Structures are given as structure tokens and as C-alpha cells.
Amino acid sequence: MKTPIHAVSTWVRRQPPKVKAFLAVVSGMAALVLLKLIVHDHDNLFVAAEAVHSIGISVLIYKLMKEKTCAGLSLKSQELTAIFLAVRLYCSFVMEYDIHTILDLATLGTTLWVIYMIRFNLKATYMEEKDNFALYYVLAPCVVLAVWIHPSTSHNILNRISWGFCVYLEAVSVLPQLRVMQNTKIVEPFTAHYVFALGVARFFSCAHWVLQMMDTHGRLLVVLGYGLWPSMVIISEIVQAFILADFCYYYVKSVFGGQLVLRLPSGVV
């Protein structure tokens, strides 16, 4: 007998792409309305996003310590994460020191530990041939975009470009990890939990900006600055959420289906 979850997922899978896109938009809007009703201070969503990211890193640490293997993990994604966290930490120190600085510092420390474990202690289990995403495909465009479109604040130009760079790099830092999963097609539990945590973090972060815009009736864009920068901040958040949306769907389906190992169909991520 099919469970309700399985029946719904089967029905969704049979729908044409336009219907799936419509259902995704409706689901996202419903989730935003729910968050708006239950979370009164929408700044807490941004803190929640960083906290969930930290939880995801903690899951990776548990995996590395318990299973003594880094199979299925992308070293390149961890390195990109460390880069944007380090740059964002620098910007936070010189531009707006707050609770986010502490969370970023903790996340950067754990990310560097994961990188150390993959590069040295567990190097024999690292799937280097699967981790074949060329980093210059993301680093070069992020640098160009940051030089062209960055905050219009009164801070030093180098600091403003750095801020723009970390925003753009964060949006695409998960791409090498998705490439590894695309190459293997089978994702073990801890890696799946980690990537799902990233997806949840990105949704919270995106919801934070969207709800803030709703609360301020669009004035938030003026606060962020002028020119293309405010729009690029919002677009970057949306891009992050959509990059991980497909994987999160199959993750939830796998969990409710009682599958410990996530098997991805062709064309996913």
C-alpha cells in the first residue's frame, strides 16, 4: 500500500515541467507566508541560516570522525566555502561587527578542519577523480561581478568589492559538491544530511531578504544601496535556493521512503 507521501511524490513526478515549476512556486510562497506568521523578527531567519550551515558542517565532522572516510565529499566545495567565509569575516570585522561575525568565525574554523582532514588524514579515501569541477569557472566570474557590481556604501573600495565577491561566491560554492554527487549518483546519509542542511540554510537566508522587502515595502533595496547591487543580492539568494531545490526534493522523498542511501535519477543536480 502506498503512503500518502509516496502517492503525492509519484503524482508530482508525472506532471509536466510547467506544472512542477508552478507547484514549486506555490510551495515556496506558502512556506514564506508560514514563516511570516510564526517568525516575528525576520532578522532571526538570517541567524538561523548561519546556524543551520554550522549544523551541516558538524554533521560532516561527525562523518569524518566516525566513519574515517571522506568519500563523496568535495574538497573544492569546502575550499570555496572557506574562501567566502574568510572574506566575509574580514568584511564583518571592518564594516559591521555583530553576531554574524561570531557564527562565521565558528563555521570557518570547522570548515578549515574538514579541509585538513580531507587533504591529509583521510586523503586515501578522497574521490579526487569525481571532484572534477574547475574552480576558475566560479572564481573568475565572481571576481568580475564583484569589481563591476558591489555595494555603494562609504567604505573603502577594496572592502566593497570583497563584500560583493563573498556574496557571489557563496551563491555557487556548492556546485563542486553537486558535481561529485552527479558523478557518483549515490549519496551516503551524512553527505546527504549536510547538503540538505545547506539547502535549508539557503531557504532561510532567501526568506529573510524576501520578508524584509515585504515588511519595508521595497525600501530595503534603497537601504542596500543604489544601482544593480540591491538586485544582485536578492538574485544571489534566489540562485542559491534554486541550485539546491532539486536535491532537497529527492532528499525529503528518500527520507520519507525510509531509504538510508539517496539514489539520484539521471539529470538531477
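## Helix 8 and what follows

Helix 8 is followed by K185, whose phi is positive, near 70°. Within helix 8, residues 175-184, the buried residues are P176, Q177, L178, V180 and M181. Buried means under 20% relative accessible area, exposed means over 50%, and partly exposed lies in between (1.4 Å probe, protein chains only).

This is a predicted model, so local features need pLDDT of at least 70 and side-chain atom pairs count only at pLDDT 80 or more, while totals for chains, interfaces and linings use all residues. Residues are numbered from 1 along each chain as its sequence is written, and side-chain values use heavy atoms, with hydrogens and water left out.

## The whole chain

The chain has 11 helices and two strands. Helices (H or I, at least four residues) and strands (E, at least two) are DSSP runs, numbered from the N terminus. Along the sequence, the pattern reads α-α-α-α-α-α-α-α-β-α-α-α-β. Of the 269 residues in the chain, 46% are buried.

## V52 in helix 3

V52 sits in helix 3, residues 43-67. V52 has a relative accessible area of 17%, so it counts as buried. V52 and G199 are 147 residues apart along the chain, yet their C-alpha atoms are separated by 9.3 Å.

## A cavity

The count comes to one cavity of 30 Å³ or more. A cavity is a set of points, on a 1 Å grid over the protein atoms alone, where a 1.4 Å probe fits but cannot get out; lining residues have an atom within 4 Å of a point. The largest cavity holds about 140 Å³ of space. Its volume is the space filled by probe spheres set on the points, which are joined across faces, edges and corners.

The lining of the largest cavity has 14 residues, and E170, S173, V174, L198 and R202 lie nearest its centre. Helix 4, helix 7, helix 9 (189-215) and helix 11 (229-256) each give two or more residues to this lining. The lining divides into six nonpolar, six polar and two charged residues. Here Ala, Val, Leu, Ile, Met, Phe, Trp, Tyr, Cys and Pro count as nonpolar, Asp, Glu, Lys and Arg as charged, and the others, Gly among them, as polar.

## A nonpolar surface patch

Y90, F93, V94, I157 and L158 make a nonpolar surface patch of about 470 Å². Two elements give two or more residues to the patch: helix 4 (75-95) and helix 7 (157-172). Helix 4 gives the most, with three residues. Patch residues have over 30% relative accessible area and no salt bridge, and nonpolar side chains (Val, Leu, Ile, Met, Phe, Trp, Tyr) are joined within 5 Å. A salt bridge is a side-chain nitrogen of Lys or Arg within 4 Å of a carboxyl oxygen of Asp or Glu. Accessible areas come from the Shrake-Rupley method with a 1.4 Å probe.

L158 lies in helix 7. L158 counts as exposed because its relative accessibility is 53%.

Conventions. Patches are made of residues with over 30% relative accessible area and no salt bridge: like charges are joined within 9 Å, nonpolar side chains (Val, Leu, Ile, Met, Phe, Trp, Tyr) within 5 Å. On a 1 Å grid over the protein atoms alone, a cavity is a set of points where a 1.4 Å probe fits but cannot get out, and a pocket is an open set with protein on both sides within 12 Å along at least five of seven lines; lining residues have an atom within 4 Å of a point.
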